[in-house]
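Trainee: I would like to learn how to read single features from a model of this kind, one at a time. Could we go through them together, with the criteria stated as we go?

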Amino acid sequence: MRLRDVGEVGFLRSVQEALGGSGGAVRVGIGDDAAVIECPAGECLVLTCDAAVEGRHFRREWLSPSEIGGRAVRCALSDFAAMGARPAAVLLTLVVSPAEEATMAQVLVKGAAQAAEAYGARLVGGETVGNQGPLTLDVVAAGFVPVGRELRRSGAGVGDALLVSGTLGDSAAGLAALEAMGVRGDFEAVIARYIRPEPRTSLGALLAECEGVRAAIDISDGLVRDAGHLAEQSGVGIVVLAEALPLSPECRAAAERLSLDPLQWALAGGEDFELLFAADAERAAEIVELAQREAGVTVTVIGEVVEGRGVTVVREDGAEIVPPSIGWDQFAD
Ligand SMILES: [Mg+2]
């Protein structure tokens, strides 16, 4: 049955039944005119939004409806990780053709709700717009951070160590594999990183409470580009050591099979949704150990904060690497 046959009210009812109502910080969930969220004492409200447009952010040959919904939410929640905030509620606006199967839209919304739940948040409402054109999702996320504990892009100081969570380049490797193959069926490990990115919310919340962590950003546009944002807002320069970048064996294997350079994926690929942060160099080893123990995330020192401006990538022998492209710019051709 198509959405135009089910109608907006019928669709919303089916989605509402699947999502349930209130609970946790959510006093009034989906089904009323607006959601009502309880704000914990001593905490600030954190808000972010993120859009996913068919053809631009995802292709339907590559992602199932559930994965499309889940990915949009996961990408939005990564910004919470970067702020050190805990997500609490998610709103989803869906722009979809009335000729679409109602089941597709229901499964998509359910995928979004499940992704929110996986990170301690709840889908509390949204909006549907019937329209021809690419399938479009807009996710608004709300959450909390203790007053004064939010991690910002500013605050990195000369002499700080630069650290990154997880591994870099996998998502770009997954996308390159999909583009090379046209369909899924191989390179599953890296493709999974593109399809189901893991917002580092536990690590972010841990870092926000951690003495010596000074600035953070999530890597959505590529390491060099996002490190550039951190450098600019902190008024410092950043040196990244190429050999120190954490690349997964799966990323290296994909690069070899596709005859591509994994270092370029790590530097400029984007959508890793790992956390990049600056911390007191003397506390770096302790923070690495804490991240592993408390959040189960591997963190690696990949460079340092220096005087000056911009981001420089160097090899151990001192040679400078110039990335051919510097990551995602929404308005670039
Ligand atoms: Mg971000």
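Trainee: Is S234 buried or exposed?

Mentor: Burial is read from relative accessible area, where under 20% is buried, over 50% is exposed and anything in between is partly exposed, using a 1.4 Å probe and protein chains only. S234 has a relative accessible area of 16%, so S234 is buried. This residue belongs to helix α7 (residues 223–234), where helices are DSSP runs of H or I with at least four residues, strands are E runs of at least two, and both are numbered from the N terminus. Before going on, note that this is a predicted model, in which local features need pLDDT of at least 70 and side-chain atom pairs count only at pLDDT 80 or more, while totals for chains, interfaces and linings use all residues. Residues are numbered from 1 along each chain as its sequence is written, and side-chain values use heavy atoms, with hydrogens and water left out.

Trainee: Which residues is S234 in contact with, leaving aside its neighbours within four places in sequence?

Mentor: Contact means heavy atoms within 4.5 Å. On that criterion, and with those neighbours set aside, S234 is in contact with R153, S154, G155, A156 and A215.

Trainee: What does R152 touch, again not counting residues up to four places away in sequence?

Mentor: R152 touches R214, A215 and A216, and it lies in the loop between β6 (136–146) and β7 (161–165). With a relative accessible area of 48%, R152 is partly exposed. The C-alpha atoms of R152 and M83 are separated by 6.2 Å, although the two residues are 69 residues apart along the chain.

Trainee: Which residues are the protein donors of the magnesium ion?

Mentor: Donors are N, O and S atoms within 2.8 Å of the metal (3.2 Å for Na, K and Ca), and because water is not among the atoms, sites may look incomplete. Here the protein donors are D79 (OD) and D218 (OD), lying 2.1 Å from the magnesium ion. The pair links distant parts of the chain, with D79 in helix α2 (residues 65–83) and D218 in strand β8 (residues 213–218), 139 residues apart. D79 is partly exposed at 24% relative accessible area, whereas D218, at 3%, counts as buried.

Trainee: At what angle do the axes of helix α4 and helix α5 cross?

Mentor: Axes are lines fitted to C-alpha atoms, for helices over the stretch in contact, and angles run from 0 to 180 degrees between N-to-C directions. The axes of α4 (residues 170–181) and α5 (residues 188–195) come within 7 Å and cross at roughly 110°. That makes α4 roughly perpendicular to α5, given that 65 to 115 degrees counts as roughly perpendicular, under 35 as roughly parallel, over 145 as roughly antiparallel and the rest as oblique. Among the residues making the contact are L175 and L178 of α4 and V190 and Y194 of α5.

Trainee: What is the phi of S259, and what is that of F273?

Mentor: Most residues other than glycine have a negative phi. S259 has a positive phi of about 55° although it is not a glycine, and phi of F273 is likewise positive, near 55°. S259 sits in the loop between α8 (249–258) and α9 (262–268), and at 64% relative accessibility it counts as exposed. F273 is found in the loop between α9 and β10 (275–279), and is buried, with a relative accessible area of 6%.
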